[in-house]
Amino acid sequence: MSATPSPLSIAVLVSGTGRGSNLGALIDACAHGEIHGKIVLVIGTRRDAPALERADAAGVPVAVVSPRQYADDEEGYANALLRLLDRSQVDLICLAGYLRKLPAKVVTAYAGRILNIHPSLLPLFGGQGMYGLHVHQAVLESGMKVSGCTVHFVDEHYDTGPIVIQTPVPVLDNDTPETLAARILPEEHRAYVRAVQLFAAGRLRIDGRRVRILPETQAAQSADELEIAAYQEPTVSERRKP
Ligand code: GRF
């Protein structure tokens with residue numbers, strides 16, 4: 001079949017007072033046709049997050065689900081997220097500055113269809129508490145000469161899912177956490193846009209821990225094939241039936 005798949009419906013999740021620069025990169029890439037998709041929903045945890053203002057300015061629907069309202073009720077939090085995601089018929093969830101662990105129920109429901117961006121070369125400098133300047137501080141303390149960013153599929157743990165794209169960035173002798181973060185950020189934007197582009201084109205195939213990037217000619221052509229291509233995920237057994 002050679003029909004062009006319909007545009008991907010993308011939801012972006014941010015938490016806290018996220019500034020939303022990766023969200024902005026994805027919005028722009030969709031608007032310019034670099035990604036065959038549309039951001040249909042941004043979910044935040046606080047209404048005053050700059051990321052949500054960015055979404056508002058771009059005319060993207062926003063929703064707020066405050067995890068505080070669901071203290072000790074992960075299932076309730078998961079259900080609130082799933083209601084919104086399902087209602088918007090989301091094909092792909094992009095975490096962009098979402099610092100919480102996504103509830104397992106959401107990970108299972110959208111297995112193989114959730115991406116995250118992390119500002120280091122995973123599996124180094126990931127895990128709980130490794131966010132923002134903490135990551136870059138740890139890189140400098142380690143003496144590493146190279147850092148970078150990683151786009152990966154999301155599993156039930158922090159920063160451990162199959163890696164899609166990594167971009168190395170040199171660590172300079174006079175770097176501070178701030179200068180290193182600033183040098184990595186534009187690479188994050190490029191890597192995230194590229195990863196979502198490839199997902200939208202049906203060119204990502206999860207093969208155990210590895211993600212194969214299919215040549216253009218082998219890309220999945222229909223929406224169904226596209227889901228299947230992104231779904232070769234042996235570590236997650238259950239799939240949500242649409
Ligand atoms: C980025 O550094 C990303 O790697 C991490 O959180 C930060 C979000 O930045 N997960 P922004 O809100 O996209 O500007």
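Visitor: In which sense do strands S1 and S2 pair, and over how many bridges?
Guide: This is a predicted model, and the pairing is read from the bridges between strand S1, residues 8-13, and S2. One of the contacts in that pairing sets Ser-9 against its bridge partner Lys-38 in S2. The sense of the pairing is parallel, and the number of bridges is 6.

Visitor: Which helix belongs with S1 and S2 in a β-α-β unit, and what is the hand of that unit?
Guide: The unit is made of S1, S2 and a helix that covers residues 21-31. That helix is H1, and the unit is right-handed.

Visitor: Through which helix does the chain cross from S2 to S3?
Guide: S2 also pairs with strand S3, residues 62-64, in the parallel sense over 3 bridges, and Ile-43 stands opposite Ala-63 in S3. The β-α-β crossover from S2 to S3 is right-handed, and the helix on its path, residues 50-57, is H2.

Visitor: Why can strand S2 be called largely enclosed by the rest of the structure?
Guide: A residue counts as buried when its relative accessible area is under 20%. Strand S2 runs over residues 37-44, and it is largely enclosed because the buried residues number 7 of the 8.

Visitor: Where is Arg-46 placed, and how far in space is it from Val-64?
Guide: Arg-46 sits in the loop between S2 and H2, and its relative accessible area of 40% makes it partly exposed. In sequence Arg-46 and Val-64 are 18 residues apart, while their C-alpha to C-alpha separation in space is 6.1 Å.

Visitor: Which residues lie closest to the centre of the largest pocket?
Guide: The space in the largest pocket comes to about 880 Å³. The lining is made of 40 residues, and those closest to the centre are Gly-97, Tyr-98, Leu-99, Tyr-131 and Gly-132.

Visitor: Which element gives the largest share of the lining of the largest pocket?
Guide: At least two lining residues come from each of H1, strand S5 (114-118), helix H5 (132-142) and helix H6 (177-200). By class, the lining divides into 17 nonpolar, 17 polar and 6 charged residues. The largest share, 4 residues, is supplied by H6.

Visitor: How many residues of the lining of the largest cavity are nonpolar?
Guide: The structure holds 1 cavity of 30 Å³ or more, and the space in the largest cavity is about 30 Å³. Its lining consists of Leu-121, Leu-124, Phe-125, Val-139, Met-144, Val-146 and Ser-147. In that lining 1 residue is polar and none is charged, and the nonpolar residues number 6.

Visitor: What is the phi of Phe-125, and is the residue buried or exposed?
Guide: Most residues other than glycine have a negative phi, and most peptide bonds are trans. Phe-125, found in the loop between S5 and H5, has a positive phi of about 60° although it is not a glycine. At 18% relative accessibility, Phe-125 is buried.

Visitor: Which residues are joined by a cis peptide bond?
Guide: Pro-123 is also placed in the loop between S5 and H5. The cis bond has an omega of about 10°, and the residues it joins are Leu-122 and Pro-123.

Visitor: Which aromatic pair has its ring centres 6.1 Å apart?
Guide: The whole structure contains 2 aromatic pairs. The pair in question is tilted, with 45° between the planes, and joins Tyr-70 and Tyr-77.

Visitor: Why does the pair of Phe-153 and Phe-199 count as tilted?
Guide: Planes under 30 degrees apart would be stacked and planes over 60 edge-to-face, with the rest tilted. The centres of Phe-153 and Phe-199 lie 6.3 Å apart, and the pair is tilted because the angle between the planes is 55°.

Visitor: How many residues apart in the chain are Phe-153 and Phe-199?
Guide: Phe-153 is buried at 1% relative accessibility, and Phe-199 is buried at 3%. Phe-153 belongs to strand S6 and Phe-199 to helix H6, and this pair links distant parts of the chain, with a separation of 46 residues.

How values were computed:
Residues are numbered from 1 along each chain as its sequence is written. This is a predicted model: local features need pLDDT of at least 70, side-chain atom pairs count only at pLDDT 80 or more; totals for chains, interfaces and linings use all residues. Side-chain values use heavy atoms; hydrogens and water are left out. Buried means under 20% relative accessible area, exposed over 50%, partly exposed in between (1.4 Å probe, protein chains only). Two strands pair if DSSP finds at least two bridges between them. A crossover is right-handed if, with the strands pointing away from the viewer, the path from the first strand over the helix to the second runs clockwise. On a 1 Å grid over the protein atoms alone, a cavity is a set of points where a 1.4 Å probe fits but cannot get out, and a pocket is an open set with protein on both sides within 12 Å along at least five of seven lines; lining residues have an atom within 4 Å of a point. Grid points are joined across faces, edges and corners, and a volume is the space filled by probe spheres set on the points. Ala, Val, Leu, Ile, Met, Phe, Trp, Tyr, Cys and Pro count as nonpolar, Asp, Glu, Lys and Arg as charged, and the others, Gly among them, as polar. Rings of Phe, Tyr and Trp (its six-membered ring) pair if their centres lie within 6.5 Å; planes under 30 degrees apart count as stacked, over 60 as edge-to-face and the rest as tilted.
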